[in-house]
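Here are my notes on the model you sent over. Have it open next to you while you go through the points.

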Amino acid sequence: MKLRPPRHPLDRRAIAWWRAQGALVFGTAALVLALPGALVPPAAPWLLGPAAVVAVLGAAWCAVLPRWWFGLHRWEVTGTAVYVRSGFLRQEWRVAPLSRVQTVDTLRGPLQQRFGLATVTVTTASARGAVRLRGLDARVAADVAEQLTERTEATPGDAT
């Protein structure tokens with residue numbers, strides 16, 4: 001069998017989800033620096049400058065990286081395996097044979113719920129850890145979890 005790129009992109013709302021995550025992280029860090037800088041005048045030069053740098057870096061991060069990640073992340077579930085490609089500096093390609101699947105979980109954190117997204121976590125009998133399909137439409141994630149459960153029940157276990 002020849003490996004090929006997984007067929008499905010993430011839901012486009014994953015871009016906004018990643019941007020919201022970045023805005024929360026960078027915004028919180030900038031606020032933690034800016035608030036004391038604004039309230040304690042002697043600390044202003046030492047805190048407001050770094051707060052501005054964090055805010056500018058956060059804005060650049062939110063503008064560029066989520067769209068780039070969207071183009072790199074792909075997933076697919078076939079009759080024999082779960083395929084996930086992710087990463088940007090260090091790309092990772094994970095293939096989990098259905099015969100090695102132990103559990104299938106669906107997660108919807110507060111931000112994911114806001115954007116109608118979910119993560120499907122496929123835990124395998126691998127030391128490498130679970131395979132995660134992040135940024136799926138919530139209904140698609142539920143369908144994928146159901147399909148995986150049905151397929152793994154019908155797949156004979158690995159004898160190794």
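1. Packing here is a matter of contact, that is, heavy atoms within 4.5 Å. The buried positions in α1 are A14, I15, W17, W18, A20, G22, A30 and G37. Buried means under 20% relative accessible area, exposed is over 50%, and partly exposed is in between (1.4 Å probe, protein chains only). Helices (H or I, at least four residues) and strands (E, at least two) are DSSP runs, numbered from the N terminus.

2. Before going on, a word on what you're looking at. This is a predicted model, where local features need pLDDT of at least 70 and side-chain atom pairs count only at pLDDT 80 or more, while totals for chains, interfaces and linings use all residues. Residues are numbered from 1 along each chain as its sequence is written, and side-chain values use heavy atoms, with hydrogens and water left out.

3. How far apart are the end C-alpha atoms of α1? They sit 38 Å apart, which agrees with the 39 Å that its 27 residues should span at 1.5 Å a residue. The expected span is 1.5 Å times one less than the number of residues in the helix.

4. Now the inside. The largest nonpolar core has 28 residues, and V82, V120, V122, L133 and L148 are those with the most contacts within it. A nonpolar core, for this note, is a set of buried Ala, Val, Leu, Ile, Met, Phe, Trp, Tyr and Cys residues joined through side-chain atoms within 4.5 Å. At least two core residues come from each of α1, α2 (44–72), β2 (74–77), β3 (81–86), β6 (117–124), β7 (131–137) and α4 (138–154). α1 gives the most, with 5 residues. As background, nonpolar side chains tend to be buried together in soluble globular proteins.

5. Setting aside residues up to four places away in sequence, V82 touches E76, V77, R94, V95, A96, L98, V122, V131, L133 and L148.

6. There is a greasy spot on the outside as well. L31, L35, L39 and V40 make a nonpolar surface patch of about 400 Å². L31 belongs to helix α1 and is exposed, with a relative accessible area of 53%. Patch members have over 30% relative accessible area and no salt bridge; nonpolar side chains (Val, Leu, Ile, Met, Phe, Trp, Tyr) are joined within 5 Å, and like charges within 9 Å. Accessible areas come from the Shrake-Rupley method with a 1.4 Å probe, and for residues only the protein chains shown count as cover.

7. Leaving out residues up to four places away in sequence, F88 touches W68, W69 and L72. F88 and H73 are 15 residues apart in sequence, with 8.7 Å between their C-alpha atoms.

8. How many salt bridges does a search of the whole structure find? The count is 4, with a salt bridge taken as a side-chain nitrogen of Lys or Arg within 4 Å of a carboxyl oxygen of Asp or Glu. R7 pairs with E76, the closest N and O atoms being 3.7 Å apart. R7 lies in the segment before β1 (8–9) and E76 in strand β2, so the pair ties together parts that are 69 residues apart in sequence. R7 is exposed at 53% relative accessibility, whereas E76 is buried at 5%. Neighbours within four places aside, R7 is in contact with R74, W75 and E76.

9. R128 and E92 also meet in a salt bridge (2.4 Å, N to O). R128 sits in the loop between β6 and β7 and E92 in strand β4, so this pair links parts 36 residues apart in sequence. R128 counts as exposed at 51%, and E92 is partly exposed at 22%. Elsewhere, salt bridges that share partners join D11, R13 and D137 into one network. Within it, the closest N and O atoms of R13 and D11 are 2.8 Å apart.
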